[in-house]
Amino acid sequence: MRDREEPLETTREAGAPAVELRGIDKRFGAVHASRDVSLAVAPGTIHGIVGENGAGKSTLMSILYGFYRADRGDIRIAGRTVEIAGSEDAIAAGIGMVHQHFMLVDTFTVVENVILGAEGGSLLASGTARARGELERLAREYALEVPPDARVGDLPVGLQQRVEILKALYRGADILILDEPTGTLMPQEADHLFRILRRLRAQGKTVILITHKLREIMAATDRVSVMRGGRMVAHRDTAATTVAELAELMVGRRVLLQVEKGPARPGPELLAVERLSVRDERGASRVRDVSFNVRAGEIVGIAGVAGNGQGELLEALAGLHPAAGGRILLAGEPVSSGGPHRRRRGLAHVPEDRRRMGLVLPFEARESAILGYHDDVRYRRAGLLDWDAVSRDTEAKMISFDVRPADPRRITAAFSGGNQQKLVLAREIERDPLVLLVGQPTRGVDIGAIEFIHRRLVAMRDAGKAILLVSSELDEIMGLSDRILVMFGGVVAGELPADRATERALGLLMAGAGPGAGAANEARRAS
Amino acid sequence: MSAVATGPAAGLPRWAVVGLLPVLNLLAAFAVSGLIVVLIGESPWDAVRILVWGAFGFEEAIGYTLFYATSFIFTGLAVAVAFHCGLFNIGGEGQAYIGGLGMALVCLHLDFLPFALIVPAAVIGAALFGAAWAFVPAWLQAHRGSHVVITTIMFNFIAASVMVYLLVNVMSRPGSMEPESRDFAPHARLPLMHDVLAAVGIDVAASPLNLSFLWALVCSAGVWLYIWHTRAGYRLRTAGASPPAARYGGISPPREIVVAMLVSGALAGCMSLNELMGVQHRLVLEFTAGFGFAGIAVALMGRGHPVGIILASVLFGALYQGGAELSFEVPRITRDMVVAIQGLVILFAGALEFMFVPVVRAVLARRSGG
């Protein structure tokens with residue numbers, strides 16, 4: 001496998017960048033996605049690329065990996081100009097890519113996935129045998145242990161990502177591109193990933209890390225390039241820059257990274273959950289015996305690795321999942337089943353998955369903006385839907401939540417992630433509910449919009465509302481919450497006041513290693 | 001209008017999707033049809049001339065074209081309503097057939113009612129029976145996940161068998177071998193349009209075009225209002241576009257599936273008003289004659305919008321009527337040939353709906369880029 005790449009190694013000019021892009025320009029119709037972008041990545045370094053959604057990071061990497069062809073510009077690998085017309089060319093040039101959404105076949109084993117596309121010979125056996133040996137070597141060299149015969153679908157996300165990295169290395173990649181690699185990882189897994197990346201660097205590999213998480217840039221990279229609006233706006237040595245500077249470069253103005261909020265002034269209890277249990281469609285227990293409350297004027301955060309019951313808890317509270325046991329009290333009154341009734345009584349819900357659940361993507365914005373409130377008399381005239389009233393109302397909400405463009409007739413799917421999320425929040429918050437359930441409020445949302453959303457949530461808290469926040473971003477949980485609950489295996493594994501919560505303490509609870517984790521582990525095994 | 005299309009035609013402006021693509025599809029169908037006509041040694045230009053003349057060239061022809069169009073409007077609307085709820089109702093044929101049974105039962109057994117009452121009663125009978133025939137597949141889809149495409153196809157066969165049994169064994173005239181019911185009483189028939197117009201002093205040539213054409217237009221307006229301007233239509237479209245979002249919004253997708261199929265079946269059932277109550281004046285075997293299936297192509301071509309469906313129905317009506325004229329004038333172009341041309345239109349407008357999307361996209365991109 002490695003012999004194939006040898007010529008490249010020998011022709012490497014001393015001091016030439018591992019990857020050099022010169023004047024890359026790319027248009028998609030009216031969209032100018034890359035504007036005269038230049039980038040040089042030194043060999044044996046970890047190079048970060050940051051930018052907001054739509055800044056052109058992914059387009060640039062897709063050009064480098066051969067998914068798109070640039071309209072203008074050169075690509076040089078180790079000092080030589082190369083033509084990259086497809087991903088085969090990229091692989092041949094020693095470039096490997098780990099996509100944000102893994103390109104793995106769930107029902108195949110690790111070995112089968114690794115040799116996919118490089119089977120070698122018409123009989124599988126020879127290829128698998130060679131792959132097995134090679135995998136062992138790679139595992140030793142880079143601390144990339146993965147059980148070779150495990151079905152990929154059975155592996156946790158962190159290990160699946162390792163399989164992706166192994167796939168790239170198996171094909172002889174010297175330059176590894178990772179696109180938002182930590183989006184689905186828990187903190188410990190992310191740390192392990194960064195150790196692997198440093199190991200790769202030590203072995204002379206070049207790593208390009210695309211992310212919007214500035215903290216990761218600071219922790220893992222040697223150098224960082226910032227993109228904005230299709231342009232490369234700055235290159236910095238990581239050691240010589242700060243998170244604040246990078247954020248400002250990304251957004252083009254000063255950004256508040258820390259959520260600004262005063263101390264909470266908790267009032268009466270607005271939401272109480274008593275011994276709530278939830279089962280999924282197949283009858284498996286997802287939430288068991290969970291009790292907590294949220295008071296007026298406070299934000300309670302629920303941390304946890306995805307799939308530990310937070311999602312089901314949120315949906316059960318919203319009335320989308322029937323509770324298998326326990327009670328839910330809204331302002332002291334027990335709520336009956338049925339989501340819409342809860343909505344009428346002042347419970348608003350921003351679902352975790354806005355694209356699937358919070359919005360109807362093929363609908364116009366104004367149609368998405370009345371979802372759940374379509375029976376409101378304000379939107380009715382002579383028994384019919386009063387679209388003029390809906391339009392006016394939607395436009396007002398869009399302006400108040402800075403949804404761009406503020407066009408109520410634009411198709412929902414055409415808005416960016418941040419603007420879609422602001423539309424959902426506008427719909428739910430402008431109703432002035434007592435209790436707001438909010439799941440992953442800033443997933444896939446730009447820094448500028450994150451700041452805006454966080455400010456609105458804090459303002460809502462200060463107006464005396466109760467907010468229950470579920471998020472997989474520890475920064476967000478720690479920045480917004482007044483109290484933090486950690487869920488593991490369907491139970492609350494621990495509760496911390498925000499001022500005493502550290503990333504390490506939360507991480508341990510999230511991994512089921514905190515105090516009281518024994519019970520949670522047992523619960524997990526039982527289900 | 002800032003709306004853009006989603007799906008395979010995503011990103012194209014609305015005028016291109018609604019106007020340009022159907023026209024391109026139609027031209028492609030006619031081009032291939034023309035080739036076939038050339039292959040059998042006839043002039044395609046003459047064929048087009050005769051076809052258009054046969055469909056629109058004289059008053060009687062226009063009457064026939066609109067008569068056929070009426071049936072297409074009903075079955076096209078039926079498919080469109082289900083489609084807005086994400087359902088592919090292939091069962092228009094069976095629903096129309098059973099709708100005819102409901103309508104005939106009213107006309108045969110409630111004919112003591114005066115004309116002013118028997119007409120609405122017949123409409124209700126047709127709609128109710130059509131809806132009932134759609135209910136079982138709808139319920140199975142909503143609550144058991146049985147795919148509505150499969151079940152409605154099966155229900156077409158069941159409908160056909162039931163009607164043969166009823167017409168042969170139960171409803172045929174005493175002493176007759178014909179598998180058809182007795183004639184409806186004269187006041188249990190829909191007036192023909194030329195009679196109605198003559199009554200108000202407008203003289204047009206006789207054709208089978210009858211009052212159900214106006215009912216088809218009323219239904220079109222009703223569907224437009226229902227789908228886009230009522231809360232019920234909003235619920236139906238939401239359930240069709242995204243079941244999880246519907247549940248989140250307090251809308252029950254199973255309930256919407258049943259409602260959509262009932263409305264769809266009722267519309268299909270109304271097709272029988274045109275054919276039986278308007279023209280045949282008795283219940284006969286296989287009066288649906290494929291109109292239920294053609295409704296799928298009509299709805300696709302009309303983009304699920306009533307205005308589009310009316311236009312597509314007139315086109316299909318013209319193909320039927322003009323095609324009949326064509327096979328009469330040019331014996332070498334047989335009736336089957338005309339069916340083949342209709343099939344090509346269905347193929348290009350329906351199955352190959354998005355074939356020209358890349359071309360249109362490229363042309364538009366070049367225009368806006370340069």
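This is a predicted model: local features need pLDDT of at least 70, side-chain atom pairs count only at pLDDT 80 or more; totals for chains, interfaces and linings use all residues.

How many Å separate the centres of domain 2 of chain A and domain 3 of chain A, taken over C-alpha atoms? I get 27 Å. Residues are numbered from 1 along each chain as its sequence is written, and chains are lettered from A and ligands numbered from 1 in the order in which they are written.

**Domains of chain A**

I looked up the bounds, which come from an automatic or database domain assignment. Chain A splits into domain 1 (3-251), domain 2 (269-346 + 433-526) and domain 3 (363-427).

Next I checked where domains 2 and 3 of chain A touch, with contact taken as C-beta atoms, placed from the backbone, within 7 Å. Domain 2 of chain A puts 10 residues in contact with 7 residues of domain 3 of chain A. On the domain 2 side, α11 (339-344) and α16 (447-462) of chain A are the elements giving two or more residues; helices (H or I, at least four residues) and strands (E, at least two) are DSSP runs, numbered from the N terminus. The largest share of that side, 4 residues, comes from α16(A). By class I find 6 nonpolar, 1 polar and 3 charged residues there. The classes: Ala, Val, Leu, Ile, Met, Phe, Trp, Tyr, Cys and Pro are nonpolar, Asp, Glu, Lys and Arg charged, and the others, Gly among them, polar.

**Sheet in chain A**

I traced an open sheet of 6 strands, ordered β6-β7-β8-β3-β9-β10 (chain A), with mixed pairing; two strands pair if DSSP finds at least two bridges between them. β6 (95-98) and β10 (231-237) of chain A are at the edges with a single partner strand each, so one side of each lacks a neighbour in the sheet. From one strand to the next, the twist averages 20 degrees.

I then followed β3 (residues 46-50) of chain A, which runs parallel to β8 (residues 206-210) of chain A over 4 bridges. Opposite Ile46(A) I find Val207(A) in β8(A). Helix α7 (residues 187-202) of chain A packs on the sheet, touching β3, β7 and β8 of chain A. The direction of α7 makes about 145 degrees with that of β8(A) (axes are lines fitted to C-alpha atoms, for helices over the stretch in contact; angles run from 0 to 180 degrees between N-to-C directions).

**Chains A and B**

Last, the contact between chains: 20 residues from chain B and 27 residues from chain A. In chain B, α9 (231-241), α10 (243-248) and α16 (357-369) each supply at least two residues of the side touching chain A.

Technical notes:
Two residues are in contact if their C-beta atoms, placed from the backbone, lie within 7 Å.
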